[in-house]
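Please walk me through this structure. Take the residues one neighbourhood at a time.

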Amino acid sequence: MAMTIHVDIVSAEGHMYSGQGEMVYAPAIMGEIGIAPRHAPLVTQLKPGELRVDPGGGKEQEHFYVSGGMIEVQPFKVTVLADTGVRAADLDEAAAQEAKRRAEDALANQKADIDLAKAQVELAEAVAQLRAIERLRKMR
Amino acid sequence: MAGAKEIRTKIASVKSTQKITSAMEMVAASKMRKAQDRMQATRPYAEKMRQVIGHVALANPEYKHPFMHAREVKRIGFIIVSSDRGLCGGLNNNLFRALVRDIRALRDAGTEVEYCTIGTKALGFFRRVGGKVAAQATHLGDAPHIDDLVGTVKVMLDAYMNGEIDEIRIAYNNFVNTMTQKPTVEQLVPLPPGENAEDLKHHWDYIYEPGAKEVLNGLLTRYIESLVYQSVVENSACEQSARMVAMKSATDNAGELIDELQLVYNKARQAAITQEISEIVGGAAAVSN
């Protein structure tokens with residue numbers, strides 16, 4: 001059997017996933033990273049995006065959406081501390097579209113500088129959610 | 001019949017108290033369920049966070065965050081999480097008693113303390129006891145939000161950064177089950193090293209992306225926030241269940257009291273009737289003679 005790495009995904013709202021994986025793909029702040037078993041210890045921040053766990057053995061990949069957070073990697077253990085996370089299948093495309101539109105509106109007619117940063121973050125999150133949905137759809 | 005009337009009023013008053021306590025019991029029961037759900041939802045995150053922080057505390061990064069430096073402890077800051085309202089049994093008092101014992105021992109050893117209180121009960125208590133209350137947050141409601149806590153905690157963290165205090169501990173009630181709440185005091189900063197991490201003892205370090213400073217800052221902020229939030233949520237679950245239990249026993253006691261009073265009342269009434277009869281009989285006997 002192929003070597004596996006233990007994956008725990010928790011978000012501030014609750015426990016999301018726990019299990020073995022052959023490979024974990026995470027949206028790290030410096031670009032997407034792939035983590036195989038025996039990876040060197042690593043801590044990094046996550047940006048909004050899609051997180052995938054390949055359980056191996058020809059089983060289907062698990063998809064998650066995270067809105068940012070931290071990931072800690074030990075040689076045989078990956079811990080994802082997501083700020084908010086959802087299983088990608090539960091993502092609501094209509095809601096994401098709506099959020100994207102709202103964020104773009106806010107960016108278009110910005111009044112106060114305070115809103116700008118918030119709107120940019122919201123836009124980034126909405127876009128990442130939509131991308132995750134699209135990815136998932138293509139898989140099927 | 002004077003005694004009987006007094007007893008009757010007494011029974012009525014106990015009954016109305018019983019109504020109030022049983023209503024409070026039911027309210028607490030339904031709030032408790034929600035509070036427990038909230039607590040259960042945040043627990044895994046806080047636990048994982050503790051684990052990760054335990055690992056990080058054992059690592060040997062080139063950048064040492066101030067939270068990772070243990071220094072000589074001269075002054076300790078306590079963050080005390082309590083409830084806003086009373087009538088929840090010995091919940092707050094048990095915590096305060098445990099704390100006061102700790103603090104007395106620390107003071108005897110020459111360590112100074114200051115407090116940061118969350119919830120009105122802790123504020124009131126530590127004002128009375130005396131000592132420096134550096135910051136406070138009250139009236140968080142049933143669904144506390146992290147934003148309401150950040151400011152208060154920041155006062156403590158700033159004091160730590162400036163070297164005014166050398167250690168921060170957090171005191172709260174740990175929810176074991178509905179009947180049991182355990183007063184808990186935990187060290188927040190400097191980071192306590194993780195348990196059962198024997199395999200991590202050797203000299204090693206993480207790869208930090210983009211850099212140790214940014215990553216550790218982000219991680220430690222989240223760590224403090226999640227732990228404080230977890231304590232508050234946990235304490236609120238404790239509060240509701242303690243209140244439910246306290247109110248249940250109050251309702252039961254009121255029931256017992258009513259039973260006893262009823263018995264006394266019946267006896268008094270019986271005695272009065274007997275006396276009246278004997279008076280009538282005595283009177284009739286006197287007339288017929």
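Ser11(A) is buried, with a relative accessible area of 2%. Buried here means under 20% relative accessible area, exposed means over 50%, and partly exposed is in between, using a 1.4 Å probe and protein chains only. Ser11(A) sits in strand 1 of chain A, residues 5-11. Strands (E, at least two residues) and helices (H or I, at least four) are DSSP runs, numbered from the N terminus. Not counting residues up to four places away in sequence, Ser11(A) touches Met16(A), Ala82(A), Asp83(A), Thr84(A), Gly85(A) and, on chain B, Tyr45(B). Contact means heavy atoms within 4.5 Å.

A word on the source: this is a predicted model, in which local features need pLDDT of at least 70 and side-chain atom pairs count only at pLDDT 80 or more, while totals for chains, interfaces and linings use all residues. Residues are numbered from 1 along each chain as its sequence is written, chains are lettered from A and ligands numbered from 1 in the order in which they are written, and side-chain values use heavy atoms, with hydrogens and water left out.

Strand 1 of chain A also holds one end of a pair that crosses between chains. Asp8(A) forms a salt bridge with Lys48(B), and the closest N and O atoms are 3.0 Å apart. The Lys48(B) end lies in helix 1 of chain B, residues 2-58. A salt bridge is a side-chain nitrogen of Lys or Arg within 4 Å of a carboxyl oxygen of Asp or Glu. Side chains of opposite charge can pair when their charged atoms come close. Asp8(A) is buried at 5% relative accessible area. Lys48(B) counts as buried too, at 14%.

How many salt bridges does the structure hold over all chains? There are 14. One of them joins Arg71(B) and Asp166(B), at 3.2 Å from N to O. This pair links distant parts of the chain, 95 residues apart. Arg71(B) is in the loop between helix 1 and strand 1 of chain B, and Asp166(B) is in the loop between helix 4 and strand 4 (167-175). Arg71(B) is partly exposed at 30%, whereas Asp166(B) is buried at 8%.

Glu114(B) and Lys132(B) also meet in a salt bridge, at 3.7 Å from N to O. Glu114(B) lies in strand 2 (residues 112-118) and Lys132(B) in strand 3 of chain B, so the pair ties together parts that are 18 residues apart in sequence. Glu114(B) is buried at 3%. Lys132(B) is partly exposed at 44%. Both belong to a network of salt bridges that also includes Arg75(B) and Glu112(B).

Next comes the loop between strand 1 (75-81) and helix 2 (91-108) of chain B, where Ser82(B) lies. Ser82(B) is buried, with a relative accessible area of 7%. Leaving aside neighbours within four places in sequence, its contacts include Asn92(B), Phe96(B), Ile118(B), Gly119(B) and Asn235(B). Ser82(B) and Tyr172(B) are 90 residues apart in sequence, yet 6.8 Å apart in space, C-alpha to C-alpha.

Leu87(B) is in the loop between strand 1 and helix 2 as well. Leu87(B) counts as exposed at 53%. What is its phi? The value is positive, about 55°, although Leu87(B) is not a glycine. His139(B), in the loop between strand 3 (132-137) and helix 4 (146-161), also has a positive phi of about 55°. His139(B) is exposed at 63%. Most residues other than glycine have a negative phi, and most peptide bonds are trans.

Two cis peptide bonds deserve a look. One joins Val189(B) and Pro190(B), with omega about -10°. Pro190(B) lies in the loop between strand 5 (181-189) and strand 6 (207-209). Another joins Glu209(B) and Pro210(B), with omega about 0°. Pro210(B) is in the loop between strand 6 and helix 5.

Finish on helix 5 of chain B, residues 212-288, which holds Gln240(B). Gln240(B) counts as buried at 5%. Beyond its neighbours within four places in sequence, Gln240(B) is in contact with Ala28(B), Lys31(B), Met32(B), Ala35(B) and Asp142(B). Asp259(B) is found in helix 5 too, but is exposed at 55%. Ile277(B), also in helix 5, is partly exposed at 48%.
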